[in-house]
Amino acid sequence: MTDRIPQQPVDPITESDEQIAEALASASIPAILMSIVHLEGSLQAVADLARPGPAVLGEQQGGMADEDKARVRTAALDALRAYRDRGCTLPSSPSTETIHEMMNLMVGEEVPVDYVAMMTEELALDGGDPRRVGWTRPLPDKLKQDFPVVIIGAGMSGLLTAYRLQEAGIPFTVVEKNATVGGTWLENSYPGCRVDIPNHFYCYSFEPNSEWTRYFAERDELLDYFEQFTDRHDLREHVRFNTEVTRAVFDEDTGRWRVGLRRVDGSEDELDAAVVVSAVGQLSRPRIPAFEGLDDFEGVGFHSARWRHDVELEGKRVAVVGTGASSLQLVPELAKVAGKLEVFQRSPCWMTWNADYHRETSEGKKWLLRHVPFYGRWYRFLLFWPGSDGLMPMLVVDPEWEHPERSVSESNDMLREVFTEYIRGQVGEDPELLAKVIPDYPPFGKRMLQDNGSWFGALKQDNVDLVTDGIKRVTATGIECEDGSQHELDVIVFATGFHANRFLWPMDIIGRDGVELSEAWGDDPSAYLGITVPGFPNMFCLYGPGTNLAHAGSIIFHSECQVRYIMGCIREMVEKGLSTMDVRREVHDDYVARFDAEHERKVWAHPGMNSWYKNSRGRVTTTSPWLLLDYWRWTMQPDFSDYELR
Ligand SMILES: Cc1cc2nc3c(=O)[nH]c(=O)nc-3n(C[C@H](O)[C@H](O)[C@H](O)COP(=O)(O)OP(=O)(O)OC[C@H]3O[C@@H](n4cnc5c(N)ncnc54)[C@H](O)[C@@H]3O)c2cc1C
């Protein structure tokens with residue numbers, strides 16, 4: 001990735017007609033249609049052109065016929081030529097009504113009016129940054145300086161908070177246990193690691209990137225994006241690297257937190273914080289099940305998030321335990337090098353086809369993102385919309401549904417058919433393999449995965465076996481299964497997930513009246529909007545309980561919602577001189593009751609599967625049951641009557 005991450009307005013066009021035409025060959029036609037409207041200043045400009053069909057995940061051309069696409073490209077070339085020749089000036093911005101019509105046109109369906117504001121904000125069509133929270137009045141610097149914030153974690157969410165606090169002029173320190181930023185994208189360096197939603201959308205809304213080399217960027221490029229973000233905005237100097245927050249204690253007398261740190265050399269320190277923001281992620285503490293005999297293994301064993309790059313795998317007998325998201329990315333890569341690869345599956349995953357999953361972006365595509373006004377913004381909408389709330393109705397439990405064990409409703413059953421067809425097509429004539437890979441629980445019950453044939457391609461390789469007998473124990477030489485079979489191994493990779501339900505663990509967070517958060521929560525965490533916890537004033541969580549997304553969207557969208565909310569709280573505290581802000585218990589409890597009731601109606605609570613969405617009692621704790629739209633609305637601005645303010 002280069003070091004340019006441009007915003008609107010984009011680079012001026014100086015290229016020849018031929019060069020523009022060549023780049024247009026890579027255009028997403030629905031997105032370029034929208035640019036024509038901006039370039040020409042009117043929807044009339046595209047009135048005679050064919051309209052895209054309904055937007056579908058993984059399809060960027062609106063299902064349009066080749067001759068229709070060619071006509072759009074010709075119109076785009078005319079519009080871009082005129083734009084270049086008049087000195088790259090644009091007519092005035094489209095009205096809100098026109099934007100709504102453009103959205104409808106682009107995704108081939110009526111976008112409900114409620115979504116127009118959310119999507120207009122997400123697209124930042126005016127080139128501004130609508131999620132920025134400004135002061136309502138000029139404030140003396142001293143007020144801000146007296147309000148130090150400690151952010152725990154320098155992953156995507158922590159960096160975002162740092163950026164917003166810097167904008168607001170609030171002093172902050174980020175404490176990060178690792179040697180650099182990036183969190184998830186630093187820690188997961190296993191072969192094949194990549195984002196599994198499109199990265200032209202998995203990036204901050206205010207920091208688009210035209211230079212992604214793939215549609216689903218690999219880990220190094222994602223890490224690079226967050227490293228560059230850190231440096232471009234001078235955030236690094238605010239981060240204490242190689243330092244872990246071990247505890248945080250609320251002091252009732254001062255209304256402040258004392259945040260205890262331990263550096264990598266063992267030395268300790270303490271920070272004073274008016275506000276603590278936890279940005280420790282849900283997936284940052286690797287979990288290896290307590291298999292009997294784990295310590296006896298004489299080969300090499302490690303977790304997928306702690307990849308041992310020093311271990312040679314060429315020709316080796318390798319096991320991958322687990323068939324979740326990481327395994328799906330990892331196994332096709334290991335299958336290329338391992339002598340023998342055994343994949344241990346507890347339950348299979350639902351997945352769907354995406355042709356772009358491993359595809360590289362073309363130079364033409366990057367040129368369009370760099371030069372064509374609003375092309376990147378609308379391209380983001382094209383990726384976001386089909387992966388938005390539209391799927392939610394298919395994940396709602398129909399209590400009358402007659403096949404409740406395999407699906408939750410008729411429409412969910414239809415999804416089951418579609419995904420099953422895909423799996424059948426991939427597996428081909430291998431009834432034994434087919435019986436192992438079709439899940440028996442409803443689609444979307446566990447994390448939905450993407451495939452481009454690489455997973456099943458790997459499973460069908462001669463050197464790869466899918467083992468579905470339960471693991472009984474680990475032995476000195478490998479794995480013994482419940483059926484008595486012995487699997488001799490050199491290396492065991494545990495793609496077994498994270499301690500997702502142990503939020504903020506293993507820190508000791510001690511709130512009012514000496515209450516310890518880990519004791520209050522156990523593995524049953526809850527927080528109002530996933531952000532605030534009664535009895536723990538001035539503490540805010542990002543990617544907290546119940547904020548993982550499993551139906552749509554990206555975690556970045558959710559974090560942007562949460563950070564805006566938190567900045568709203570901080571603004572209130574600083575401007576009003578408040579010392580504490582504590583969510584009312586009844587507000588929290590009411591939210592949790594609604595959260596649980598909503599989950600009872602949704603696929604993720606279905607008893608047919610274990611997943612990292614649930615805790616040991618089967619309650620869904622990690623994942624949101626809400627529409628993106630609802631969560632966006634609720635977090636837009638804090639309702640201060642939800643809080644006890646002092
Ligand atoms: C393999 C993988 C693939 C994923 N793919 C996607 C995807 O495609 N789309 C998507 O939306 N999401 C995806 N996710 C979820 C991903 O975690 C989020 O998108 C996002 O990276 C979360 O950012 P975060 O900053 O909240 O947490 P993290 O990235 O986990 O960062 C947390 C940071 O906190 C630090 N930290 C933790 N505890 C402490 C402590 N006590 N003291 C100091 N520092 C601490 C950690 O070292 C880490 O740097 C994926 C996750 C994984 C593991």
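Colleague: Is F206 buried or exposed?
Modeller: F206 counts as buried, because its relative accessibility is 3%. Buried means under 20% relative accessible area, exposed over 50%, and partly exposed in between, with a 1.4 Å probe and protein chains only. This is a predicted model, in which local features need pLDDT of at least 70, side-chain atom pairs count only at pLDDT 80 or more, and totals for chains, interfaces and linings use all residues. Residues are numbered from 1 along each chain as its sequence is written, and side-chain values use heavy atoms, with hydrogens and water left out.

Colleague: Where is F206 placed?
Modeller: F206 is in the loop between helix 8 and helix 9 (219-232). Helices (H or I, at least four residues) and strands (E, at least two) are DSSP runs, numbered from the N terminus.

Colleague: How far apart are F206 and E122 in space?
Modeller: Their C-alpha atoms are 8.5 Å apart, while 84 residues separate F206 and E122 in sequence.

Colleague: Turning to the ligand, which residues come nearest?
Modeller: S157, E176, T184, D196 and Y202 come nearest, out of 34 residues around the ligand. A residue is near a molecule or strand if one of its heavy atoms lies within 4 Å of it.

Colleague: What lies 2.9 Å from a nitrogen atom of the ligand?
Modeller: A polar backbone atom of V245 lies at that distance. On the oxygen side, a ligand oxygen is 3.0 Å from a backbone N or O atom of M156, and an N or O atom in the side chain of N178 is 3.2 Å from a ligand oxygen. The protein covers 96% of the 980 Å² of accessible area that the ligand has on its own; accessible areas come from the Shrake-Rupley method with a 1.4 Å probe, and for residues only the protein chains shown count as cover.

Colleague: New topic: what is the phi of L504?
Modeller: Phi of L504 is near 65°, a positive value in a residue other than glycine. L504 is in the loop between strand 17 and strand 18, and counts as buried because its relative accessibility is 5%.

Colleague: Which peptide bond is cis?
Modeller: The bond from W505 to P506 is cis, with omega near 0°. P506 is found in the loop between strand 17 (491-494) and strand 18 (508-510).

Key:
Polar contact = N/O pair within 3.5 Å; in protein donor to acceptor, adjacent residues only side chain to side chain.
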